[in-house]
Amino acid sequence: MAGTALQRRLTWRVAEVVDLVDETPRVRSLVLSVPGWPGHLAGQHVDVRLTADDGYQTQRSYSIASAPAAGERLTLTVERLDDGEVSPYLAAELRAGDKLELRGPIGGYFVWDITIGGPLLLVAGGSGICPLMAMLRLRQATGSAVPTRLLYSSRSLEDVIYRDELDRLVATGTALDVRLTLTRDQPERWAGYHRRIDTDMLTEVAWAPNERPLIFVCGPTPLVESVAESLVNLGHEPTRIKTERFGPTGG
Amino acid sequence: MEIQEQDVRLDGNAAAGLLQEVFVHEFSGARGACASCGAVGEMGAQHLYMAPLAPGAVLRCAACEGVLMVVVHAGGRFRLGFRGLVWLEMKDTAVTS
């Protein structure tokens, strides 16, 4: 297995910021070069560690948004939380050429690979799209036709992370359906959903339980728990629903 | 500020980095059996309670909320308690071929 993500010991590595991409007014992607990076699986995360001049250290976990690929590049996407300790630095102050410490890839539970198959139901709230984007990018990069539906909840259209890329993936990919719900502000003549994800919406968008979709849900804890509960009530097998909650540790 | 239970509930996946330091092998895909209710599941699917800046975390069973394990990383030590895990099984990731 080339670039295997199975390594024996997690070690802190120094990553260099090679590019910064503003995704939305509050969200920025960091393209990092990580010498010795062993490769990763879609859905895995890294721990990022920052050290202040006085030696104080703090760390946070961030999902990897880029598809598994050979080489030393990976992309993290960070939402700026105003009361956060780390995210304002990563999402606003960081400059190309800066260095930060990270370790990974981490996680063997919330992961997807082409060989796992589908159909695939991805449900995201806000920056919960990030690990799911790694799956969509992998799917596209390999020309996979695994039937896939994404239901993505954002506050407004301008808060939709990767909006142009999602449009492109739908236009050029195979068997991919993307549905947005905008919970706070909608453009005029918005034809999509405009409420929080609920059971009715999941009934419309999700595959029927007897099609046994593999389901990944990522977002704020309340969204993840309400979606997972609705899916179980609709008859989906709990063991095929994988969740990743991000609580207050994302700041 | 009052802390709501839901605010500090994460998935076992969130402790995967911390616990991989201890176990070397990948933790969130490891399976274990709950001593309280007998449920068997992947550690990444269990509930993790971890407050920001707290030195420790509690992993609880997603089925019955019984405590599976407690991990504290502070003062240059790891302390692990396993009172609610009958067994824990992880892939030997050194074998990759």
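Mentor: A residue is buried if 20 or more other C-beta atoms lie within 10 Å of its own, exposed if 12 or fewer, and partly exposed in between. Keep those cut-offs in mind. This is a predicted model.

Trainee: What makes B:Glu65 count as partly exposed?

Mentor: B:Glu65 has 14 C-beta neighbours inside 10 Å.

Trainee: Where does B:Glu65 lie, and what is its phi?

Mentor: B:Glu65 sits in the loop between strand 5 (56-60) and strand 6 of chain B. Its phi is positive, about 65 degrees, although it is not a glycine. Most residues other than glycine have a negative phi.

Trainee: Why is A:Arg212 called partly exposed?

Mentor: Run the test again. A:Arg212 has 13 other C-beta atoms within 10 Å. Exposed needs 12 or fewer, and buried needs 20 or more.

Trainee: Which residue takes a positive phi just after helix 1 of chain B?

Mentor: B:Val24, with a phi of about 70 degrees.

Trainee: How many helices and strands does chain B have?

Mentor: One helix and eight strands. Along the sequence the pattern reads β-α-β-β-β-β-β-β-β. Of the 97 residues in chain B, 36% count as buried.

Trainee: What makes strand 3 (40-42) and strand 8 (85-89) of chain B stand at the edges?

Mentor: Start with the order. Three strands of chain B form an open sheet, 3-2-8, with antiparallel pairing. Strand 3 and strand 8 each have a single partner strand, so one side of each is left without a neighbour in the sheet. From one strand to the next, the twist averages 25 degrees.

Trainee: How do you know that strand 2 (residues 31-34) of chain B and strand 3 of chain B pair?

Mentor: Pairing requires at least two bridges. These two strands of chain B have three, in the antiparallel sense, so they pair. B:Gly32 stands opposite B:Gly41 in strand 3 of chain B.

Trainee: Which residues touch the most other members of the largest nonpolar core?

Mentor: A:Leu122, A:Leu132, A:Val217, A:Val227 and B:Ala15, out of 79 residues. Helix 2 (residues 129-141) of chain A gives the largest share of this core, eight residues. The core also draws at least three residues from each of domain 1 (13-106) and domain 2 (114-250) of chain A.

Trainee: What does A:Val217 touch?

Mentor: A:Val123, A:Val224, A:Val227, A:Ala228, A:Ile241 and A:Thr243, leaving out residues up to four places away in sequence. Touching here means C-beta atoms within 7 Å.

Trainee: How many residues of domain 1 of chain A are in contact with domain 2 of chain A?

Mentor: 18 residues of domain 1 contact 17 residues of domain 2 in chain A. Strand 4 of chain A gives the most to the domain 1 side, with three residues. By class, that side has eight nonpolar, seven polar and three charged residues. The C-alpha centres of the two domains of chain A lie 23 Å apart.

Methods: Residues are numbered from 1 along each chain as its sequence is written. Chains are lettered from A and ligands numbered from 1 in the order in which they are written. This is a predicted model: local features need pLDDT of at least 70, side-chain atom pairs count only at pLDDT 80 or more; totals for chains, interfaces and linings use all residues. A nonpolar core is a set of buried Ala, Val, Leu, Ile, Met, Phe, Trp, Tyr and Cys residues joined through C-beta atoms within 7 Å. Helices (H or I, at least four residues) and strands (E, at least two) are DSSP runs, numbered from the N terminus. Domain bounds come from an automatic or database domain assignment. Two residues are in contact if their C-beta atoms, placed from the backbone, lie within 7 Å. Ala, Val, Leu, Ile, Met, Phe, Trp, Tyr, Cys and Pro count as nonpolar, Asp, Glu, Lys and Arg as charged, and the others, Gly among them, as polar. Axes are lines fitted to C-alpha atoms, for helices over the stretch in contact, and angles run from 0 to 180 degrees between N-to-C directions.
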